[in-house]
Amino acid sequence: MSEQQQDLLVQLRGPVLWITINRPERRNALNAGVVQRLADAIRTAESHAECRAIVLTGAGDRAFCAGADLARHTEGFAFEVDYAQPRHYLVALFRTFQQCRLPIIARVNGHVMAGGFGLLCACDMAVAADDALFGTPETKIGLVPMMILPNMLRVVPQRKLLEMCITGEPYTARQALELGILNYAVPRAELDDRMQWLLDRIVDKSPTAIRLGKQAYQAMRDMSLNEGWEYAQVMVPSMASTQDAREGLAAFQDKRAAAWTGR
């Protein structure tokens, strides 16, 4: 593995794929290469039936992700657009998150800033060390968090979102928990135990139900209420026809643990 590839570590631990942004000297900041490999890792995980969940974290204990790498020798603010086919690598990554049918859980090991906050909002769940800070400080350098705003709008309450974007001031983990940005905020020494506790409650459930459920969730939240009902009544018989649904019902009736096939 080359040094460049080592800036993103990917490891399958049982049924869970762990992805670590491994640039602690840059506070785990993102560049085009890291973003592309992160998207590739998520797509690879979804293609493997034995994978049940994805954990995203950062190396070290200073930062989960500080956003785009603004070092002078990197692309930083560079945003060259081909107007015949406008597409940015960060948008492509967020689409990969949105289309993934596996639960993606953020293990927040340190501060979450700028684009890193967008990454956090793109995840399905988040467990954080309670000394982490969360912010979008872009206005302090003459920008606004434009690229991550669509993700933020789906997670952060509107008035607090505007305060965060306009003032650039950070929130504590406790505040982020109260706003629903996090699922759990625990003392740093308890972070891995709480992560494992949550993962244990995911990987023993039907993988087929979870994949279909995530697909339905992503579809329904862009629908009107009536469209959601129409979609739901089509999805119910589809779910009921799966092997996992039949196995789950049989296991319930037999008072035994289900043997999920993921089909």
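Which domains does the domain assignment of the chain give? Domain 1 covers 3-204, and domain 2 covers 207-254. Those bounds come from an automatic or database domain assignment.

Some ground rules. This is a predicted model: local features need pLDDT of at least 70, side-chain atom pairs count only at pLDDT 80 or more, and totals for chains, interfaces and linings use all residues. Residues are numbered from 1 along each chain as its sequence is written, and side-chain values use heavy atoms, with hydrogens and water left out.

Back to the domains. Their C-alpha centres lie 28 Å apart. Domain 1 gives 14 residues to the contact, and domain 2 gives eight. Contact here means heavy atoms within 4.5 Å.

Now a helix pair. Helices are DSSP runs of H or I, at least four residues; strands are runs of E, at least two; both are numbered from the N terminus. Helix α8 spans residues 207-220, and helix α9 spans residues 225-240. They pack at an angle of about 170 degrees, with axes 11 Å apart. So α8 is roughly antiparallel to α9. The cut-offs: under 35 degrees is roughly parallel, over 145 roughly antiparallel, 65 to 115 roughly perpendicular, and the rest oblique. Axes are lines fitted to C-alpha atoms, for helices over the stretch in contact, and angles run from 0 to 180 degrees between N-to-C directions.

Who meets whom? From α8, we have Leu212, Gln215, Ala216, Ala219 and Met220. From α9, Gly228, Tyr231, Ala232, Met235 and Met239. By class, that contact has eight nonpolar, two polar and no charged residues. Nonpolar means Ala, Val, Leu, Ile, Met, Phe, Trp, Tyr, Cys and Pro; charged means Asp, Glu, Lys and Arg; the others, Gly among them, are polar.

Next, helix α3, residues 115-122. Eight of its eight residues are buried. Buried means under 20% relative accessible area, exposed over 50%, and partly exposed in between, with a 1.4 Å probe and protein chains only. Among the buried residues of α3 are Phe117, Leu119 and Cys121.

On to cysteines. The structure holds zero disulfides, a disulfide being a pair of cysteine sulfur atoms within 2.5 Å. For cysteine 100, the nearest cysteine sulfur is that of cysteine 51, 8.2 Å away. Cysteine 100 is buried, at 1% relative accessible area. For cysteine 165, the nearest is the sulfur of cysteine 121, 9.7 Å away. Cysteine 165 is buried too, at 9%.

Last stop, valine 144. Valine 144 sits in the loop between β8 (133-135) and α4 (149-153). Its relative accessible area is 46%, so valine 144 is partly exposed. Neighbours within four places in sequence aside, valine 144 is in contact with Glu138 and Thr139.
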